[in-house]
Amino acid sequence: MSRRPRPRGAAAGSPKRRVATESAAIDVIIDSLGARGDGLARLGDAPLYVAGALPGERVSVRPGARRGDGRVGRLEAVLEASADRVAPPCPLAHPGGCGGCTLQHLAPAAVQTEKRRLVATALTRAGLDPALVAAPLAVPPGRRQRASLSGKRIGKGVVLGFQAAASHDVIAVGHCPALHPDLDRLLGPLAELLAGLTTFRAGGVRLQRANPGPEVLIDLAAPPDLKARQELAAFAETQRLGRLAVNSPEGLEPVADHAPWIELGGVPVGLPPGSFLQPSAEGAALLGGLAVAALAPLDGRLADLFAGLGTLTLPLAAAGRAVHAVEAEAAPLKALAGAAGRAGLAVTTEARDLFRRPLAGAELAGLAGLVFDPPRAGALAQAEALAEAARRPLRLLAVSCNPATLARDLARLVDGGHRVRTVLPIDQFPWTAHVEAMAIVDQAPGLPLPDLERFRN
Ligand SMILES: C[S@@+](CC[C@H](N)C(=O)[O-])C[C@H]1O[C@@H](n2cnc3c(N)ncnc32)[C@H](O)[C@@H]1O
């Protein structure tokens, strides 16, 4: 079977410079999928990254610009297609199209297999046993509760959407099947709003789902004048937003604010502007439920490090646990403390930079269990402090959206005498190569594992 991808979707940006650097088309066999969802082939000794190609496929490719230790190849045609190739559900998901989803052309079951393999490969590279990786849990598509869009003025209109893969071009997205309908419905009206704002040239628009309505943060080159402010406020009312704020060189300024809030573990929490949310409410609930189940066998105080708004703290506290929540940012920590206080939960909070000052010594000795969910850079300093501690929590839960840094941190824990029991991939990012994972790491032998089947639907 032969398939030639046809470019569709309106791209805003300069014509590609790749023509100058591209070589003649060659036929290659794709060996595997890379961490960004590209098909990987070999070009001599170097990797060739081919967006849109799948493992096992024979494809015609034009090798182009350098990327890291290899080159990017532009897919010309699929000469022999994988049995796992499917028609992408979104018409914008094609090479050169919207870069938001990179794996819509791969059957969902095969996506799960690939995500399990990506986590297993990261473990292998860190010297850990890849067999520790369990079958993934998955959140269905259409549930994304946060989105970072790019907008660009073209004449009198504004193109609003996601960037094309490996490009600064913006692809107009009027409907996105990956987004929760509460956010998807805003795409068209937002592009119209921005077109009417003379101070909007180019910039980001961030959306988060909340109650009583979504939060919208818009980058502007200058603070809005009175007319623009009125238009923004009217938009917030018409679209029933929970908050609309503009981000200009003078700072973040709410134009309309109805004190948006979300629910974590059944506990209402105020949403400070631009807070971190898990990609989906379903994923957040999965992580919270897993943390409650995995830490249930332990008696005593728990800690949630890199706690954010309390995605893990609040379900644990609502299940009757005493939790110490540590986080660098003041705003989410204050919201978490307020939410726990109103609900009468046993939560203490601490503002602290855990990269510079990880929990150590006596602080760790007093804990029965500990959860950490760091940014993509990982939690190496904390893993080292745990590895070196004389008395440690009996069980650790390590959560991460970066398999490489998760594996690195787990390897450090194992060097210090901890034992990784299982690593569970959680697919919160359908149609992409991104994957979240939760590792259960024990100090004491014989602790029961949670029944993961209970979390599969
Ligand atoms: C991936 S988010 C997880 C947040 C929360 N656990 C959740 O699931 O919603 C990582 C969190 O780490 C916080 N963070 C980043 N760097 C930090 C540091 N050096 N020390 C403490 N917290 C940090 C961020 O503010 C963010 O809230």
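Here are some friendly notes on this predicted model, taken point by point.

1. Ground rules. Residues are numbered from 1 along each chain as its sequence is written, and side-chain values use heavy atoms, with hydrogens and water left out. Local features need pLDDT of at least 70 and side-chain atom pairs count only at pLDDT 80 or more, while totals for chains, interfaces and linings use all residues.

2. The annotated cysteine. The unreviewed UniProt entry places the feature "active site" at C401; such annotations may be inferred rather than shown by experiment, and the positions follow the numbering used here, with feature names shortened. C401 sits in the loop between β22 (395-400) and α11 (403-415). Helices (H or I, at least four residues) and strands (E, at least two) are DSSP runs, numbered from the N terminus.

3. Leaving aside residues up to four places away in sequence, C401 touches R376, F429, V435 and E436 (contact means heavy atoms within 4.5 Å).

4. A helix pair. The axes of α4 (residues 187-196) and α5 (residues 226-238) come within 10 Å and cross at roughly 170°. Axes are lines fitted to C-alpha atoms, for helices over the stretch in contact, with angles from 0 to 180 degrees between N-to-C directions. The crossing therefore makes α4 roughly antiparallel to α5 (over 145 degrees). On the α4 side the contact uses P189, L190, L193 and G196, and on the α5 side E231, L232 and F235. These residues divide into five nonpolar, one polar and one charged; Pro, Leu and Phe count as nonpolar, Gly as polar and Glu as charged.

5. A six-stranded sheet. Six strands form an open sheet of mixed pairing, in the order β2-β6-β7-β5-β4-β3. Its edge strands, β2 (26-29) and β3 (32-33), each pair on one side only; pairing requires at least two DSSP bridges between two strands. Within this sheet, β5 (residues 46-50) and β7 (residues 70-80) run parallel and are joined by three bridges, with V50 opposite G73.

6. Around β12. Five of the seven residues of β12 (residues 202-208) are buried. Strand β9 (residues 146-154) pairs with β12 in the antiparallel sense over seven bridges, and A147 stands opposite L207. Four bridges join β12 to β13 (residues 215-219), again antiparallel, and V205 has I218 as its bridge partner. The two strands β12 and β13 form a hairpin with six residues between them.

How values were computed:
Angles under 35 degrees count as roughly parallel, over 145 as roughly antiparallel, 65 to 115 as roughly perpendicular and the rest as oblique. Buried means under 20% relative accessible area, exposed over 50%, partly exposed in between (1.4 Å probe, protein chains only).
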